Amino acid sequence: MTVFVIRRFLQSLAVLAVTAVIVFIGIYAIGDPAEMLIAPDASPAERAQVVASLGLDKPLWEQFFTFAWNALHGDLGRSFVFNRPSISLIFERLPATLELTLVGLVFALVIGIPLGLLSGLKPNSATDEVIMTGSIFGFSLPSFWQGMMLIMIFSVWLGWLPSTGRGEVGEFLGIRSSLFTLDGLTHLILPAINLSLFKVSLVIRLTRTGVRETMPLDFVKFARAKGLSEKRIVFVHVFKNILIPLITVIGLELGSMLAFAVVTETIFAWPGIGKLLIDSIMRLDRPVVVAYLLVIVSLFIFINFVVDVLYSLVDPRVRLGDAQ
Amino acid sequence: MTGIGTPVLEVRNLSTHFMTRRGVLKAVDDVSFSVGRREIVGLVGESGSGKSITGFSILGLVDPPGRVVSGQILFNGEDLLKMPPKAMRTIRGKRIAMIFQDPMMTLNPVLSVGTQMIETVLAHDKVSRAEARTRSRDALGLVGIPSPEERLDAYPHQFSGGMRQRVAIAIALLHRPDLIIADEPTTALDVTIQSQILFEIKRLAAEFGMALIWISHDLGVVAALADRIMVMYAGKIVEAGHVDGVLREPRHPYTSGLLSAVPAAVPRGEPLRPIPGFAPSPLSRPSGCAFRDRCARATGICATEPMPSIAADREFRCFHPHLWSAA
């Protein structure tokens, strides 16, 4: 296990370094931030001064090493637009996205797994047909349209839930989140549902397939022959086997939910990092974009690590650190 | 009946059919037999003859589209087919246990052996976890697994095939059932391990006074183990009787055909004689005797269904049986 953690950590550093190079060069290739930042009527002297102060006059390799050196000291550059450290901008916005994603994930699991079990245990029944048809909608209707429909139905027509913003933010154990106030929670429901609808369908289908693949196996029949209750067979014997593919996919999806909550955040004006990213790209705020991508890559790496550890907990055949 | 007193199990006119899209598949067709206390019965037949489905029918474990369509399965005088599912669950694993063919597949790969044993104890008896664990450990020791206490915490992939089958046997023994149905439990194992497992099961069955239905396609195994043998062909029992008698003087042409195809039963130097043709597709069996297309003795009358004839300790379904006593 220790070997696994150390090796995984070294791998992560390599991945981060490579991403940093790619991201930096990629961002450097698009547009000239000076054009966006400097007033059109500025004199060439003023212009040269701004360019020099941002370090944009230096060659690419020098800019990169300055960036890398600073990054190693925890400084990912100052936002051109806000003139504040880009990393603190991101960490200000990150909790909003995290809470949205986590609540969305909980919805996906809490709704998806029971429906998938129901569907898989009674294949081709009326219940199964209804659930499967529903999941096709979840898959195929575009997320932004689903979001607009949610707003129309629940905010405009029924007036039950607010449609924009994060609401009142409460504080608990030093963490500030909308989860801790009633107002915040009501603001969270619609965007979280919007973000989770696609994942609900995915979880339903994964669970259903898992159940259908596991039920005919010999060990299920043997469990029956032992006289176990159907409840124990489904929730212990079958479910623990289904968890293996489920954890893999959910881990990957959690990363993509974090990174691409952009659409939902835009529709519901949710002040998360997705919205910050879009704004920064529009204004060519390079340091923020680079910092955002590096933070997301780190999150991905961390989630994958957690998935691998969970894997070894669920499946005894997986032993971390043994593989070469 | 060789058993003492009432038989443990009496199957009467059991039929299990599979309702497939291509028609009704009669996997088990009007099968009757009984198993006495402490008796070991071998049920032999080739693949698809319905022997495994007979075993699953007894435990009520036939998966859809299969269904027991008629008959009675009297276990200690009680009809299992009339039993509500809840009561049936208290029979399975407690009074009738089953051992499966492939030990690699019968244990759940993600649960420890201990968990899978303890849950079997707790499913039927209200005892503490510690007590269940002790019983599980003792059962592992009984089937010859070294250091059973530590092995309880191991997972199935840490056992060899033979050891896994021993675990499955230990699970079957946990409640000292009246009857164990063993569905080809040695087929998937190495020959050396086969004989060990065989010996182990025979010893334990005798020790705890359990009756045993041994399903197999291996006549040699059944000859070494069973008191009585039943030969199944195309969903029917075509011949049944004492194991020595049936193997030495088979009455049904199918039984004699099987015997002359077994290497050990044929004198050295004589060629093996395989049965010509193939077993009929279960969806399109010929009327009357299903074996008549492959049988050298078949005549016109074989197109009608042969009823079981009972002679001394022998039962067979044939119009033209081999005659031995006269010779």
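The side chains of Glu10(B) and Arg12(B) meet in a salt bridge, with 3.4 Å from N to O. Here a salt bridge is a side-chain nitrogen of Lys or Arg within 4 Å of a carboxyl oxygen of Asp or Glu. Side chains of opposite charge can pair when their charged atoms come close. Glu10(B) counts as partly exposed at 26% relative accessibility, and Arg12(B) counts as partly exposed at 33%. For these labels, buried means under 20% relative accessible area, exposed means over 50%, and partly exposed lies in between (1.4 Å probe, protein chains only).

Before we go on, a word about what you are looking at. This is a predicted model, in which local features need pLDDT of at least 70 and side-chain atom pairs count only at pLDDT 80 or more, while totals for chains, interfaces and linings use all residues. Residues are numbered from 1 along each chain as its sequence is written, chains are lettered from A and ligands numbered from 1 in the order in which they are written, and side-chain values use heavy atoms, with hydrogens and water left out.

Let us stay with chain B and its charges. Asp153(B) and Arg133(B) also form a salt bridge through their side chains, again at 3.4 Å from N to O. This pair links distant parts of the chain: Asp153(B) sits in the loop between α6 (148-151) and α7 (161-173) of chain B, Arg133(B) in helix α5 (residues 129-142), and they are 20 residues apart. Helices (H or I, at least four residues) and strands (E, at least two) are DSSP runs, numbered from the N terminus.

A further salt bridge joins the side chains of Arg317(B) and Glu305(B), at 3.7 Å from N to O. Arg317(B) lies in the segment after β12 (314-316) of chain B and Glu305(B) in the loop between α11 and β11, so the pair ties together parts that are twelve residues apart in sequence. Arg317(B) is buried, with a relative accessible area of 9%, whereas Glu305(B) is partly exposed at 34%. Over all chains, the count comes to 28 salt bridges.

Now turn to where the chains meet. The contact (heavy atoms within 4.5 Å) takes 21 residues from chain A and 27 residues from chain B. The size of an interface is often given as the accessible area lost when the parts come together. Between chain A and chain B the buried area is about 2200 Å², of which carbon and sulfur atoms give 63%; buried area is the accessible area (1.4 Å probe) that two parts lose on being put together, summed over both. In chain A, Lys221(A), Phe222(A) and Lys226(A) lose the most area to chain B, together 30% of what that side buries.

Lys226(A) has a charged partner too: its side chain meets that of Glu119(B) in a salt bridge, 2.8 Å from N to O. Three salt bridges are found across the interface of chain A and chain B. Helices α9 (218-225) and α10 (230-259) of chain A each supply at least two residues of the side that touches chain B.

Aromatic rings are the next stop. Rings of Phe, Tyr and Trp (its six-membered ring) pair if their centres lie within 6.5 Å; planes under 30 degrees apart count as stacked, over 60 as edge-to-face and the rest as tilted. The count comes to nine aromatic pairs over all chains. The rings of Phe139(A) and Phe198(A) have their centres 5.2 Å apart and their planes at 90°, so the pair is edge-to-face. Phe139(A) belongs to helix α6 (residues 126-140) and Phe198(A) to helix α8 (residues 182-214) of chain A, 59 residues apart. Phe139(A) is partly exposed at 30% relative accessibility, and Phe198(A) is partly exposed at 33%. In chain B, the rings of Tyr254(B) and Phe291(B) have their centres 5.2 Å apart and their planes at 70°, so this pair is edge-to-face. Both Tyr254(B) and Phe291(B) are buried.

Finally, look at the backbone. A cis peptide bond joins Pro64(B) and Pro65(B), with omega about 5°. Asn124(A) has a positive phi of about 65° although it is not a glycine, and Asn124(A) is exposed, with a relative accessible area of 57%.
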